[in-house]
Amino acid sequence: MTSTLTPGRQRGTLAVACLATAMLMLDIAVVNTALPYLARDLHAGLTGVQWVVDAYTLALAAVVLSVGSVADRLGRRLVFAAGMGLFTLASLACALASSIGLLDAARAVQGLGASLMFASSLAIIADAYSIPRQRDGAMAAYGATIGASFAIGPAVGGALTTWLGWRAVFFINIPLGMIALLGIFVWVRESRDPRARKLDWPGQVVLSAGLFLLVLALLRGNVDGWSSARTIAELAGTAVLLASFVAIQARVRAPMLPLGLF
């Protein structure tokens, strides 16, 4: 058991965690309304525009489980702050992108930063609120933040795009990120797990490759044809890699996704 934080520091920690979560969730929703405008300005085709969304969500989903182990080992506050810094810098790169390829690459880096924040935020809140009843309330606020972010995301994205242009949906993250970083160093305390799991490198590599091939096949299927050799090869590779991932999780000592959960 760790010492209880003061109520003010608890609220500050919760506010920072909710702000970070709102930012990373909004960046899934707000971008959708800006896609037609950025496609026109960057002379992008359908595939490039699709990767603006999918590069972000794929990077976030593929590594979030492993990042949780890293945060437990190195420190949740350290990983959380690193994620916020990476997310903010990647947002600047997105806003300044001069081509769809650069934007897609920056979005992937932004997704990595989001995964660092998302994987450590719940553990940070749990550490700040040691009393179960208080923790329940904090988790409720955290969950409400996620739901509200998806609900207001399209409206926020539409307003920013209409008034300031599509780059504003990324520029807005810069001041918010700086405020969040300040809050992290003022309110969030460091915590670790002495029994942190080791990284499952084979599982991480195989899962990332399998998810990438799956998304690639789904995005290119209409262009290349669903019966084309390329699409079939990508889907077959996906099946092999995901089956291999399950096999690895069943045999490795510290799986990133314990099959016992199912």
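Which residues are linked in a network of salt bridges?

Analyst: The network of salt bridges links R220, D224 and R230. A salt bridge here is a side-chain nitrogen of Lys or Arg within 4 Å of a carboxyl oxygen of Asp or Glu. The model is a predicted one, in which local features need pLDDT of at least 70 and side-chain atom pairs count only at pLDDT 80 or more, while totals for chains, interfaces and linings use all residues. Residues are numbered from 1 along each chain as its sequence is written, and side-chain values use heavy atoms, with hydrogens and water left out.

E234 is buried and yet has no salt bridge. Buried means under 20% relative accessible area, exposed means over 50%, and partly exposed lies in between (1.4 Å probe, protein chains only). The nearest side chain of opposite charge to E234 is that of R220, at 4.7 Å. When residues up to four places away in sequence are set aside, E234 touches L213, L216, A217 and R220, a contact being heavy atoms within 4.5 Å.

The salt bridges of the model number six. One of them joins the side chains of D27 and R107, with 3.4 Å from N to O. This pair connects distant parts of the chain, for D27 is in helix α1 (residues 7-41) and R107 is in helix α4, 80 residues apart. Both D27 and R107 are buried. In the case of R107, the residue counts as buried because its relative accessible area is 0%. Apart from neighbours within four places in sequence, R107 is in contact with D27, V31, V52, V53, A55, Y56, C94 and F170.

The cysteine C94 counts as buried because its relative accessibility is 0%. Another cysteine, C18, is likewise counted as buried because its relative accessibility is 11%. A disulfide requires a pair of cysteine sulfur atoms within 2.5 Å, and the number of disulfides in the model is zero.

Rings of Phe, Tyr and Trp (its six-membered ring) form a pair if their centres lie within 6.5 Å; planes under 30 degrees apart count as stacked, over 60 as edge-to-face, and the rest as tilted. By that rule there are two aromatic pairs. W166 and F170 form an edge-to-face pair, with 6.3 Å from centre to centre and 85° between the planes. W166 and F170 are both buried.

The side chains of D127 and R189 come together in a salt bridge of 2.8 Å, N to O. Since D127 is in helix α4 and R189 is in the loop between α7 (173-187) and α8 (201-224), the pair ties together parts that are 62 residues apart in sequence. The two side chains also make a polar contact, at 2.8 Å. A polar contact is a pair of N or O atoms within 3.5 Å; within protein, one atom must be able to donate a hydrogen and the other to accept it, and residues adjacent in sequence count only if both atoms are side-chain atoms. D127 and R189 are buried; D127 counts as such because its relative accessibility is 12%.

The salt bridge of D72 with R76 has its closest N and O atoms 2.9 Å apart. Here D72 is buried because its relative accessible area is 19%, and R76 counts as buried because its relative accessibility is 12%.

For contrast, R40 lies in helix α1 and is exposed because its relative accessible area is 54%. The C-alpha atoms of R40 and G68, which are 28 residues apart along the chain, are separated by 38 Å.

Key. Lys, Arg positive; Asp, Glu negative; His and termini not counted. Helix = DSSP H or I, 4+ residues; strand = E, 2+ residues; numbered from the N terminus.
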